[in-house]
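Work through the exercises below with the structure open beside you. Try each task before reading its solution.

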Amino acid sequence: MEVISYSIKSSGQPARGSGAKRPFFLRRPHVRNAAYDFGRAAVHSGQKQAAGKKKLGRLIVPLSALAILFIAFSILFARIAASYDGRVRKVDFGTVQMEEVNSLDKAMFDVALSDEAFYDSEGNVVSSMGEAGETSGLFSDYAYKEPVTYSEYTVKAGDSISVISRDAGLSNISTLIAVNGISNVRYLREGQKLKVPSMDGLIHKVAAGETVEGLSVKYRTPVEDILDVNDLDSYALTVGQELFIPGAKMDSTSLQRAMGELFAWPITAEYRISSRFGARKDPITGADSYHTGIDLACPTGTAVKAAMSGTVAKAGWSNVFGNYVIIKHIDGYQTLYGHLSKIKTKKGAFVSQGELIGLVGSTGYSTGPHLHFTVYKNGKLVNPSTLLK
């Protein structure tokens, strides 16, 4: 029979031998301790809270990043909206386009000068409505049979070369320019004396080897007229001799240079002509349309400069041309600069040729960054390519 022995410790609790079990009558009954249970519950609750905080900590980083991105995009959007100055709008590419073009046409005509006389591309004096001006009748065939005579005219304040020519009975402005050796009519000043011939024509200085027959072919003027007008008795010419060639006109380039009308290109940086003046397919709708100017494609922000000196007549916004500037020049010319990203001038400002007036953009009715450049003369469209040299 196995004997189990127990010893009593000083604490009064029996010490169990190695490998022995306490008999049932000595086992302590299981009594629920409220304080113990509460403590365990508190520990368990604390563990749950710690785990929750840990999970929350893991979420804070991505949530913070999302919040920062949201704020950044909000600021970026606000700046973009501000840069458009409230002009972001839906454009109706149907009837609105024609209405805008018509309104711009009217605006261009409204800023045209109202001189009493103008001249066409060949220098012929015309009325303000583009009709041929009346002359004094000095230019009949009979006139070229009489020797040329000269009178003197003193320039008055407000005079223009076309008005002086008309009042003198001349039908082409190149006559006064050539006879007086005027390099730029814009420098005509009050009190200046002009030599006025009795008929239209040019003065030609004879060079070595030139003949009357050759001059007749060059200027398309009959030999007899050259002889009669210059009161010549023979065909012999002398080097340096000055001859009046009746009915002759300056070539268009020389005339434009003398009139100060050689427009400078409004873009001096690298560009390409993406659309020329005249009939074309609409770049957005594909429909047949008429292009009122030329398009110079180049990066956004490229400097746009005044093609010729003048006064800014308009600077604003159009659904078709976006940000645009219209400059009024002398002799009835106006230029339009469209689709600008920014306008760098204001209405009423005088700008010199080559002065910065804006930056290239793609505002309004546009498929990409470019400058739309239009030229009007007396309210009528002109092909810019004929003026840009």
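## Exercises on a predicted model

**Exercise 1. List what Ile173 touches, leaving out residues up to four places away in sequence.**

Solution. The model is predicted. Start at Ile173 and collect its contacts. Tyr119, Gly123 and Val125 are among them.

**Exercise 2. Find which residues have the most contacts inside the largest nonpolar core, and which elements supply it.**

Solution. Step one: take the core itself. It has 27 residues. Ile161, Ile173, Ile177 and Met259 have the most contacts inside it.

Step two: turn to the elements. At least two residues each come from α3 (161-167), α4 (174-179), β6 (193-197), α5 (212-219), α6 (223-229), β8 and α7 (252-258). The biggest contribution is from α6, with 3 residues.

Step three: look for another core. A second, separate one has 24 residues, including Leu296, Leu371, Val375 and Leu388.

In soluble globular proteins, nonpolar side chains tend to be buried together.

**Exercise 3. Classify the ring pair of Tyr150 and Phe244, and say which parts it ties together.**

Solution. Step one: count the aromatic pairs in the model. There are 4.

Step two: check the geometry. The ring centres of Tyr150 and Phe244 are 6.4 Å apart, within the 6.5 Å limit for a pair. Their planes meet at 80°, so the pair is edge-to-face. The cut-off for that class is over 60 degrees.

Step three: place the residues. Tyr150 lies in strand β5 (residues 150-154) and Phe244 in strand β8 (residues 242-246), so the pair ties together parts 94 residues apart in sequence.

Tyr150 is partly exposed, at 36% relative accessible area. Phe244 is buried, at 2%.

Step five: look for a charge at Tyr150. The charged end of Lys195 sits over the Tyr150 ring, 4.3 Å from its centre.

**Exercise 4. State how many helices and strands the protein has, and what share of its residues is buried.**

Solution. Count the elements: 7 helices and 20 strands. Then take the share: 36% of the 389 residues are buried.

Note on methods: Residues numbered from 1 in each chain as written. Predicted model: local features only at pLDDT ≥ 70, side-chain atom pairs only at ≥ 80, totals over all residues. Heavy atoms only, no water. Helix = DSSP H or I, 4+ residues; strand = E, 2+ residues; numbered from the N terminus. Buried < 20%, exposed > 50% of the residue type's maximum accessible area, 1.4 Å probe, protein only. Phe/Tyr/Trp six-rings, centres within 6.5 Å; stacked < 30°, edge-to-face > 60°. Lys NZ or Arg CZ within 6 Å of the ring centre and 35° of its normal. Core = buried A, V, L, I, M, F, W, Y, C linked by side-chain atoms within 4.5 Å. Contact = heavy atoms within 4.5 Å.
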